[in-house]
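Have a look along with me.

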Amino acid sequence: MRVRAQVAMVMNLDKCIGCHTCSVTCKQVWTNRPGTEYVWFNNVETKPGLGYPRRYEDQERWKGGWTLDRRGKLKLKAGGRGWKLLNVFWNPDLPTIDDYYEPWTYDYDTLISAPLSERDPVARPFSQLTGEPMTVRGGPNWDDNLAGAPEHAHADPLLRGIEDRVRMEYEQAFMFFLPRICEHCLNPSCVASCPSGAMYKRDEDGIVLVDQDRCRGWRFCVSGCPYKKVYFNHRTGKAEKCTLCYPRIEAGQPTICSETCVGRIRYLGLVLYDADRVEAAASVPDERDLLEAQMGVFLDPSDPEVQAQARRDGIPEDWLQAALRSPVYTLAVRYRLALPLHPEYRTLPMVWYVPPLSPVVNALETDGYEADPDDVFPAIDALRIPVEYLANLLSAGDADVIRAVLRRLAAMRAYMRKREVLGEVDESLPASVGLGAADLETMYRLLAIAKYDDRYVIPKAHAELGRRLMEQQGACGLDFAGGPGNCGAVEPRTGNEGFMLTALEHGGGLPADAAPPRVHDDLLRPLLDGRLAPEAGG
Amino acid sequence: MDKRSPILEAHQFFRRGPVSAEGWSQLVGRGRDWESFYRDRWRHDRVVRSTHGVNCTGSCSWNVYVKDGLITWESQAVDYPSTGPDMPEYEPRGCPRGASFSWYTYSPLRVRYPYVRGSLLELFRRALAEHGDPVDAWASIVEDPELSARYKSQRGRGGFVRASWPEVVRLVASAHVYTIKRYGPDRVAGFTPIPAMSMASYASGTRFLSLVGGVILSFYDWYSDLPPASPQTFGDQTDVPESGDWWNAGYLIVWGTNLPTTRTPDAHFMAEARYRGQKVVVVSPDYAEHTKFADHWLPARPGTDGALATAMGHVILKEFWVDRRVDYFAEYAARFTDLPLLVTLRARDGGAHVPDRFLRASDLGSREEHAEWKTVALDERTGVPFVPNGAAGHRWQGEEGAWNLKLEGASPLLTLHAEGCDVAEVDLPRFDAEGVLRRGVPVRRVGAQLVTTVLDLLLAQYGVSRPGLPGEWPAGYDDPQPYTPAWQEPITGVDRHLAVRVAREFARNAELTKGRSMIAMGAGTNHWFHSDTIYRSFLALVLLCGCEGRNGGGWAHYVGQEKVRPLSGWQTVAFALDWVRPPRHQSGTPWFYLATDQWRYEGVRPEDLAWPGGRGLFRGRHVADLNALGARLGWLPAHPAFDRNPLDLADEAGRAGLDPAEHVVRELRAGRLGFACEDPDAPQNVPRVLTVWRANVLGSSGKGHEYFLKHLLGTPEPGVRATELPEGSRPRDVAWRDPAPEGKLDLLTTIDFRMTSNALFSDVVLPAATWYEKVDLSSTDLHPFVHTFSAAIPPPWETKSDWDAFRLIAAEFSRLAERHLGVRRDVVAAPLAHDSPDELAQPFGEVRDWRAGECEPVPGRTMPKLVVVERDYPAVAAKHGALGPLVEELGIVTKGASWMPLEELRELAAANGVVRGGPADGRPSLERVEHACEAILALSGTTNGRLAVEGFRSLERRAGVPLADLAGTRAGERITLHDAQVQPRTVITSPEWSGIEAHGRRYAPFTINVERAKPWHTLTGRQQLYLDHAWMLELGEGLPVFRPPLAYTRIYGDQGSGDGSRPELTLSFVTPHSKWSIHSEYQDNLHMLTLFRGGAMLWLSREDAETLGIRDNDWVELYNRNGVVDCRAAVTHRVPKGVCMMYHAKDRHLNTPRTELLGNRGGTDNSLTRITMKPTHLVGGYAQLSFGFNYYGPIGSQRDEVTVVRKRSQELEF
């Protein structure tokens, strides 16, 4: 057993209002600059829909994530080192700008500066990439609220297997929202895809990062990530991705997307896991066993053996305390309300989701004249969102897993309604979902009352473990030539000073003598050229 | 950053470290110095609390980050005062729109300098050089038809040039001085909405206008956000639960308000309350964000909600009132509603009766004071009529202490129905089909009158039968007669079984929880011409179930950020009540209706709105005729008031040695003086100067947009397709002039920080500070806090806060006034005011027109009050910058509660400093906006516990019930500007509002009324389902009824292109609030544009799109008689066939091509709309149906509109 701590997230899709505040605050803080116009570390998708980039979930097309080879060993779906070498200058799995969207702006200043004209001036769109006038044909949220769904939604990869049952018709309408950030996977295929070794998963908190000094812009991380959450900055020629707001996390603050989530759907907390079990868990043959396998990697923070080993592995005491209070552990492991996004990608993602309830299908509710007004909630099986659809998203197609979660949510609502409206405590309700009344009340407090300090249990980074503190205290913030840098941007240290990095390189990597791609003056070329390649067209 | 050898780097990239035991990963020891990259990005210098001053119920507290002197980004504050341990907190509050705000700060859309259209500036400079005096210079331009046409015809067409603040201010001030002098102060107007969204910024200009006698336009009714059902039922503008109270509801129907989209910061309370066992039902035509949270979705067709609600009322009345008596409901109704009150029946041809007016104490022969304003019930035990306390007559009588809802041992009888009771047949209205409903009600004869109760009438109207009553009654739920579940099914499209189930559950939940059933409602059900009947049918549900005045229950209407929590202090500052009273408040809708000449195209005839049981009161009258009648009866304000300068009227009176009011009456009687609204197109009667700040009338709220362009502004290319009324259809009393004037306004000024349509079409644009660059106050009805704007950076470039901009204008105005105006007297025609004894002016709701000889013209009784005030024009700036003496001379009165803030005056003088010298010598300073904020907070009960207690004491005397203890626990608290800058502060329970908020209790309206027996501010003192004004009865709206949307296709005929080459469809045109903007704000923000499709979209059903050959993202054209709009299509299956939706406030300044049909620039969503006014909204002088600013008045509804849609050429011309 090798105990590691991971800062993980749960999003309760049942509470998501689809407002995109998370996207905007993230964008303003992190990617509001030239080179990252089209980059959304956090985005929100309407389901059913195609997502951003379009149809990213179709791994037959994009070859992201892992698969098993004939011997049952993990391999990158896009192929190994040899394959990469062959394709180093043209990667067929790379989305083009049109799969994302061509970012645009408007000639706003014409509104103020227009000379006297025939009629009122109007600002028109132009491309932020080429500077040319353009027609807006795509965006990061193009199919918001089922826009265009009758024409496009049939191509939603999540409809796999239920195409004939789900029709885009008014009477059947359903939708929900899926906010997405980097999954900060336990088995990140992006890291393994990087030929430069520029990506790594931080040892202390599991955050996956692209080293901006080391990245050479190969972009195999972009294609290797099945969630398409690594992006290419066309100005710097380097990859960038969600950093889980580590400057905030290190200070014990939630990520920007979490703190600004007005639906209050996000939870951040530690999960302890056994690093030695990751590979085996990611390698179970049947996709439907991946959820249980990943559960098996997590460690019970209240287990004294786990605690002892964690201390031996250098995890600070307050982190162990935080792990005990972790809302993520409670929701995902203890009450099994949250599920991993596409476990079948075998990356062991660490952002999990509570699936949404939905209105009942009207056609199934015509007994109103006889309805008992004291029994108000419809049955789970009559809900509009097909459980198979959710299963394709969150449980590798296993609908029973989804049903179990929805039943637990429904039991909590029914139990609370009896208590609050009828003044009765019905012990049979928690029992029906294998829980006790106290469990339902704990769930209720965490999901409904959801105080700030209960949503976010984030231990602060222990700077003393990695730094020469006396020296830095006096020099903190200075960043002049020859100066000591920003509280730690000091000369490269030799040896291991506590920052042990875990780089996952399975089948990735290039020979040391391979030359990095030339960085063009115009770094847009790769993005724009890609769109011309017929195979890569969206 | 350290520099490393690239060669060494390359080597390091491919170096392998020690491989892990399993051989699948490796540990790499290396520095992570590069991580400073994102840490540096995150670092910032300063965090400042501010908010967004946009008409939105959010009013969220935000942290604004400043780095290297730049505003970088914002995130929500999470430090609201706690709601307690057992419920969710108010954190975070915010939305994507607010989160994108800082984009504006440095964007190319930002107005950085003052601008004037080149032609006007050139004319002004030349005239100034010629005349020397700016006022004379202005006169020489606007009185010259050729010169004025030159710049007016260029409005909107670009050609702005930069000018200096002093020069532009001189131009603006000259226009004001000249117009006041030549035409009168009531020809000068200002439009700024929603004070709660930035109270001092609102007040900056309205204080100036109040001092000069200018007209302040209302917005709440103009926006159609005002639900007239609220004043009608509650006698209150709008009072609703804070969002936290949704948490307390056991059953929530969300009906016409898409909470996640329009109440984004608070939607979580709804999502979370479901986990507490709340059931959520959504009624909406489209499957939208809120539908996602519903247990049931009732897909009612647009505008048919009243049919569903009345059918639900039918179920509740039958199951919870007739088949079974629920004691809680009955006792609530008997005490807090008008259901037990007696209504007289008027005989009608054919042996039947029609419901008439409430029986009064005067009908019983009582001679006590105001007996005709006291309503009557029967005592259940004795069967004898008695007069319950609490009516309007008790409120305003000399003897205090009887204005309460105590029953003093009596018990009002709810129904006269009993075995062997007398019965009478009544005719009742129906609007879903021709004819009337004839049904029996139990009756009693009281004196000369045949009477029944409101409940008995309601049961008859709703078709709920009882034994022994004659008439035609539905046999059961499946009998399709009004208002059964089967009847509503073909109208609404909602399954009858579902309607029954939801009604039953709603009522049962209320029964079990004592009223914790709630209906959240909004624009989707409120923006209709018959908004009031829709809402009254909703309110019937909550009143029948005892939900109002209960935490977790009742109506929850959210449209507009209408709640200024520190109301009294704000009113004092905003309307300069400290110097002069009354201000010229004006209902926005009739003002715009006349000013933009929309009345000249009116197709809705008031008489067609009446029901067969009416008396023909509207026969042959045009909407504008009724407006003129209302104006001369003192019902609602009508500025400009007379066809003469009110300053001149005072002078004339002075010369004749007469009191100006007497002079006015004499002139009116003689026919020498007329009302301006009786000849609205006469040159001396049109508004001349309009200043718009904190608003975008043309790009957002300007219903009848193309009529604005044509008549108010005179632009060369308006898109109006309609023709004016032919002779024979024109008004009877209102003068018709040909040709219709174009370009009425001499000066349109916009103060804004971004270039909107309103700015584009203005003559002058002044650069405003943004919400991150100034100090102000904010509150809303959705949360119980008052909080602040603060300046994260100083106003950049030449921008100024509204306060400072108006200080400059006032200073220049005062300087120019020395020579041109001096000290004058002004005759202000003020309507009969609600919450004052005026509301007893016109008894029994009968309409008597002095012009027709039906009564004498008596100011303040049968016509407007005529108040003479002094205008010291050179002193305007000095008064603007100081708190005047009327505060201590007259005190402060709000909704009948009063206080005398002497202590506060001393404190303000100390805190703000006092003015030295000049007309305001020694008065507390209001020179800086911080001073204004402190005054607002100091003079209000919600932010000053001492005044709350004093106000409650004044009400205690009037009502005779204990109240002061409600604020007593916080009597010593004062919330200052600094307090609110540190943290949002929870307001104090105050008589300014009707809810109790103490000890962590959530605000719910009318809890004071229910728990302390304080009456509502209505005729009966109770919540009224029945309205007995003659015009209400004329429309058949005495009770809640279902009225379908106006049938514009029938009224105006086909409005298509007349070109048969391409398919076109006429669709219901629905304009919901946008997901990507707050009205027009943010819709031009690049982040918001990126997050959807880069501009305005028309949501079309897949069926209609197929018929029209439209594919997703195709360009389409929309047109009707009012104008033409071009945009792209979003084809979707979440919208039903026959309905198209465009998010409202589509401005026209982004990616808007020329239209195919007319070749003009495609318009805004309001290019397709045109307002009309509902006669009953004009009523005044009658208890709760009396004028209050933004309280009662005609609404500018737009949602009944239809549009023709077709695919347009995909080749665009701009």
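Before the holes, the rule I used: on a 1 Å grid over the protein atoms alone, a cavity is a set of points where a 1.4 Å probe fits but cannot get out, and lining residues have an atom within 4 Å of a point. Grid points are joined across faces, edges and corners, and a volume is the space filled by probe spheres set on the points.

A note on the source: this is a predicted model, where local features need pLDDT of at least 70 and side-chain atom pairs count only at pLDDT 80 or more, while totals for chains, interfaces and linings use all residues. Residues are numbered from 1 along each chain as its sequence is written, chains are lettered from A and ligands numbered from 1 in the order in which they are written, and side-chain values use heavy atoms, with hydrogens and water left out.

I looked up the second largest cavity and found a volume of about 360 Å³. It has 29 lining residues, and the closest to its centre are B:Asn258, B:Asp286, B:Gly524, B:Pro1072 and B:Arg1199. For elements I used DSSP runs numbered from the N terminus: helices (H or I, at least four residues) and strands (E, at least two). With three residues, α18(B) gives the largest share of this lining. I sorted the lining by class, with Ala, Val, Leu, Ile, Met, Phe, Trp, Tyr, Cys and Pro as nonpolar, Asp, Glu, Lys and Arg as charged, and the others, Gly among them, as polar. That gave 11 nonpolar, 12 polar and six charged residues.

The largest cavity holds about 460 Å³ of space. Its lining counts 33 residues, and B:Tyr223, B:Arg694, B:Ala695, B:Asn696 and B:His1079 are the closest to the centre. I counted 11 nonpolar, 13 polar and nine charged residues in the lining of the largest cavity. At least two lining residues each come from α26 (697-701) and β23 (747-752) of chain B.

**Entry: the open sheet**

Next I traced an open sheet of eight strands in chain B, in the order β6-β5-β24-β23-β22-β7-β8-β21, with mixed pairing. I call two strands paired if DSSP finds at least two bridges between them. At the edges stand β6 (160-162) and β21 of chain B; each has a single partner strand, so one side of each lacks a neighbour in the sheet.

**Entry: the barrel**

I then followed six strands of chain B that close into a barrel, ordered β32-β36-β33-β35-β34-β37, again with mixed pairing. Here β34 (1115-1120) and β35 (1123-1132) of chain B run antiparallel and are joined by six bridges. B:Glu1117 faces B:Asp1126 across that pair.

Buried or exposed: which is B:Phe575? At 3% relative accessibility B:Phe575 is buried (under 20% relative accessible area; exposed is over 50%, partly exposed in between, 1.4 Å probe, protein chains only). I found B:Phe575 in the loop between α20 (567-574) and β21 (584-586) of chain B. Its C-alpha lies 9.5 Å from that of B:Ser204, though 371 residues separate the two in sequence.

B:Thr942 is buried too, at 1% relative accessible area. B:Thr942 sits in the loop between α33 (929-938) and α34 (945-959) of chain B. Beyond four places in sequence, B:Thr942 touches (heavy atoms within 4.5 Å) several residues, among them B:Arg565, B:Pro566 and B:Trp993.

Terms used:
1 Å grid on protein atoms, 1.4 Å probe; cavity = no way out; pocket = protein on both sides within 12 Å on 5 of 7 lines; lining within 4 Å.
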